[in-house]
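User: I have a model open and would like to learn how to read its main features. Could you take me through them one at a time?

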Amino acid sequence: ALLQVSNMRIPMILSQNYGIDLKLLADTNIEAILELDIPWMSKLVHIHNIHDLDDLSGIPTDIQVELVLIKEAIENINYQSVIIAPLYYAKMRYYSSLTFRMFQDNELLVRGGDYSIEDVNASGFALYIDECINQKIRTI
């Protein structure tokens, strides 16, 4: 399965500090994002793997900090099929930092991340059992 890693703080920083409309991110409207003609935003669009995080020059420091969290998380796992999606914005607003999703054949299998409820920090995930079963049946 493909593991997608994101950081929900990045879209929030883009919205609050740089006036980027969250709808562009939620809709994954890359064309409209690139039309903003912000050079460092184009650089964010092109981040897909851990090596893309080696040179963060030109990206504002507040966003760099969040990208480093993604890099550190990926460096601490032993998994080959990882893609980074720094502009991914989940409509589930309780995610507050790192998030992940796993896909197999374009089907969502798992979703999770860090969140905070009533000043309690936690991590959690949802496993989509029906889709996992369907994936297994397809391999039989």
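This is a predicted model: local features need pLDDT of at least 70, side-chain atom pairs count only at pLDDT 80 or more; totals for chains, interfaces and linings use all residues.

**Reading the model**

Analyst: Happy to! Residues are numbered from 1 along each chain as its sequence is written, and side-chain values use heavy atoms, with hydrogens and water left out.

User: Which residues make the nonpolar surface patch?

Analyst: Patches are made of residues with over 30% relative accessible area and no salt bridge; like charges are joined within 9 Å, and nonpolar side chains (Val, Leu, Ile, Met, Phe, Trp, Tyr) within 5 Å. Areas come from the Shrake-Rupley method with a 1.4 Å probe, and for residues only the protein chains shown count as cover. Here Phe125, Leu127, Ile129, Ile133, Ile137 and Ile140 make a patch of about 670 Å². Strand S5 (120-127) and helix H6 (129-139) are the elements that give two or more residues to it. Helices (H or I, at least four residues) and strands (E, at least two) are DSSP runs, numbered from the N terminus.

User: Is Ile137 buried or exposed?

Analyst: Buried means under 20% relative accessible area, exposed over 50%, and partly exposed in between (1.4 Å probe, protein chains only). Ile137, found in helix H6, is exposed because its relative accessible area is 52%. Ile117, in strand S4, has 46% and so counts as partly exposed.

User: How many bridges join S3 to strand S4?

Analyst: Two strands pair if DSSP finds at least two bridges between them. Strand S4 (residues 107-117) runs antiparallel to S3, with seven bridges joining them, and Phe100 stands opposite Gly112 in S4. S3 and S4 form a hairpin with two residues between them, and Asp105 in the turn has a positive phi of about 50°. S3 (residues 95-104) is also joined to strand S1 (residues 2-7), again antiparallel, by six bridges; there, Leu3 stands opposite Met102 in S3.

User: Which residues have the most contacts inside the largest nonpolar core?

Analyst: A nonpolar core is a set of buried Ala, Val, Leu, Ile, Met, Phe, Trp, Tyr and Cys residues joined through side-chain atoms within 4.5 Å. The largest one here has 33 residues, and those with the most contacts inside it are Leu14, Leu44, Ile63, Leu67 and Ile70. The elements that give two or more residues to this core include S1, helix H1 (9-18), helix H5 (61-75) and S3. Take Ile70: leaving aside neighbours within four places in sequence, its contacts (heavy atoms within 4.5 Å) are Val5, Ser6, Asn7, Ile10, Leu53, Ile84 and Leu98.

User: How many salt bridges does a search of the whole structure find?

Analyst: The test is a side-chain nitrogen of Lys or Arg within 4 Å of a carboxyl oxygen of Asp or Glu. The search finds five. In one of them, the closest N and O atoms of Asp54 and Lys71 are 2.9 Å apart. That pair links distant parts of the chain, with Asp54 in the loop between H4 and H5 and Lys71 in helix H5, 17 residues apart. Asp54 has a relative accessible area of 52%, so it is exposed.

User: Where do Arg138 and Glu131 fall, buried or partly exposed?

Analyst: Their side chains meet in a salt bridge (3.3 Å, N to O). Arg138 counts as partly exposed because its relative accessibility is 49%, whereas Glu131, at 13%, is buried.
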